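Please open the structure in your viewer and keep the selection tool at hand. The tour moves from the whole chain to individual side chains.

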Amino acid sequence: MNPLALLGVFVILLIVGLVLKVPFGVTVGGAALTTLLIAGTDVREVPQVATVALDSFPLLAIPGFVLAGMLMARGGVSAAIVRFAAAFVGHLRGSIGAIAVTASALFGTVCGSSIATIAAVGGFMMPEMDKAGYDRRYSAALIGAAGFIGILIPPSVPGILYAVTAGLSIADVWLSTVAPALALIVLFCIVNYFQSRRAHDRTARPPVAEYVAGIGRASWRVLPALGMPVLIFGGIYGGLFTPTEAAGVTALYGLLVSVFVYRGIKARGLWGLFQSAALMSAILSVLISFASVAGRMVTNLQIPASLSAFVSENIGSPLLFLLITNIVLLLIGMFFETNTSILVLTPIFATVATSMGIEPLHFAAIMLLNLEIGMITPPFAGNLFLSCRLAGVRLDQVVKPLVPFYLAALAVLIVTTLWPTFSMWLPEIVG
């Protein structure tokens with residue numbers, strides 16, 4: 001049977017599992033196993049493949065960063081980050097919205113989860129945005145859109161998964177999305193500046209001495225939180241430890257900062273937090289295990305080679321391939337969670353992209369940015385659902401205020417796609 005036809009069978013089985021609400025890990029593994037059986041392939045190696053997939057030293061970084069992110073998210077870090085952002089831009093028109101955007105980006109440096117960012121920053125900022133006169137629908141759109149910036153700023157669990165799946169350096173993949181993230185911060189703040197005319201968000205500019213003093217106090221308070229990314233990258237590029245070892249060091253650092261500095265977590269609450277981190281890590285492990293079966297299916301059936309040949313014959317242009325890939329990934333991001341999409345799609349798309357002469361790190365930035373934009377693309381948008389729940393509004397009510405932020409995100413995606421240097425200059429400099 002034609003490899004591309006078998007890929008179609010696999011996709012159909014995935015859709016059926018999604019419709020039937022079968023757990024996605026089971027759906028992926030079952031669809032891959034069924035496709036292998038249809039192809040007449042020996043499936044006796046499947047249990048070994050699923051087990052060996054977890055026997056990876058780099059993957060040990062995931063539990064560490066998940067735990068560190070949870071510790072910092074619940075340890076009072078969000079309040080310190082919001083005050084830090086407010087010290088710089090709190091006197092500007094639209095300052096509350098700008099603070100929400102900036103705080104979401106900063107929170108990503110200590111959390112690495114868009115859902116956790118929305119929950120922490122949104123829960124803290126929604127009441128403040130109400131006081132400033134923001135419409136709840138607009139607040140939900142802004143928080144939902146800004147939440148995914150956290151994934152693009154390291155440390156990032158999706159970045160780890162992509163790097164391991166594609167065989168790239170974790171630190172380089174993290175750095176490839178920093179420039180797009182910074183561009184998103186600027187554009188979102190500009191959009192908010194003009195949109196905030198409808199709100200009453202105006203604060204008198206403080207005297208220079210008071211302004212500088214406020215920055216100093218806020219910086220001192222947020223310093224322990226922002227020390228985490230410095231610890232991670234300083235240790236990795238200083239040769240002190242690997243990304244996996246950095247995860248363990250970061251988890252310990254997050255524990256000390258949350259308990260003894262910010263004091264947002266009590267000793268009696270640590271056990272429950274450890275359980276939550278273990279549960280999330282276990283869920284990701286199940287996804288990785290079953291997705292590895294899909295990866296082996298893709299390899300054994302020579303799907304990347306067939307897809308590369310098809311693309312070369314019918315598309316030819318790398319630019320046209322990237323444009324089509326952008327559309328496909330945006331659609332996929334609407335329906336599937338980011339980590340799952342990365343595990344299933346990277347073996348296919350990254351291989352084809354390399355065969356088209358596209359730099360692996362450039363494609364990493366494109367794929368991660370696409371999938372995160374998909375998380376704010378209605379009708380299936382995980383980030384928006386959470387922000388709407390926090391704001392107490394319906395999803396359809398945030399579509400109109402979301403449009404300017406969505407267009408800004410697409411503009412960054414276009415620049416990232418057409419200008420490889422935009423995403424690759426930082427990894428090249430640091431590397």
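**From the overall fold to the aromatic rings**

Begin with the whole protein in a cartoon view: this predicted model has 22 helices and zero strands. Of the 431 residues in the protein, 54% are buried. Next, display the surface. The accessible surface comes to about 18,400 Å², and carbon and sulfur atoms account for 69% of that area. Contacts can be considered next: among those in the protein with a separation of 6 or more, 81% are between residues 24 or more positions apart.

Now turn to the aromatic side chains, where the count comes to five aromatic pairs. Select Phe188 and Phe405. Their ring centres are 5.3 Å apart and their planes stand at 85°; because an angle over 60 degrees counts as edge-to-face, the pair is edge-to-face. Colour helix α12 (residues 178–195), which holds Phe188, and helix α21 (residues 399–418), which holds Phe405; the pair therefore ties together parts that are 217 residues apart in sequence.

For another pair, select Tyr193 and Phe194. The centres of these rings lie 5.4 Å apart with their planes at 90°, so this pair is edge-to-face. Tyr193 is partly exposed, at a relative accessible area of 37%, and Phe194 is partly exposed, at 46%.

Methods: Residues numbered from 1 in each chain as written. Predicted model: local features only at pLDDT ≥ 70, side-chain atom pairs only at ≥ 80, totals over all residues. Heavy atoms only, no water. Helix = DSSP H or I, 4+ residues; strand = E, 2+ residues; numbered from the N terminus. Buried < 20%, exposed > 50% of the residue type's maximum accessible area, 1.4 Å probe, protein only. Contact = heavy atoms within 4.5 Å. Areas by Shrake-Rupley, 256 points an atom, 1.4 Å probe, with all protein chains shown as cover. Phe/Tyr/Trp six-rings, centres within 6.5 Å; stacked < 30°, edge-to-face > 60°.
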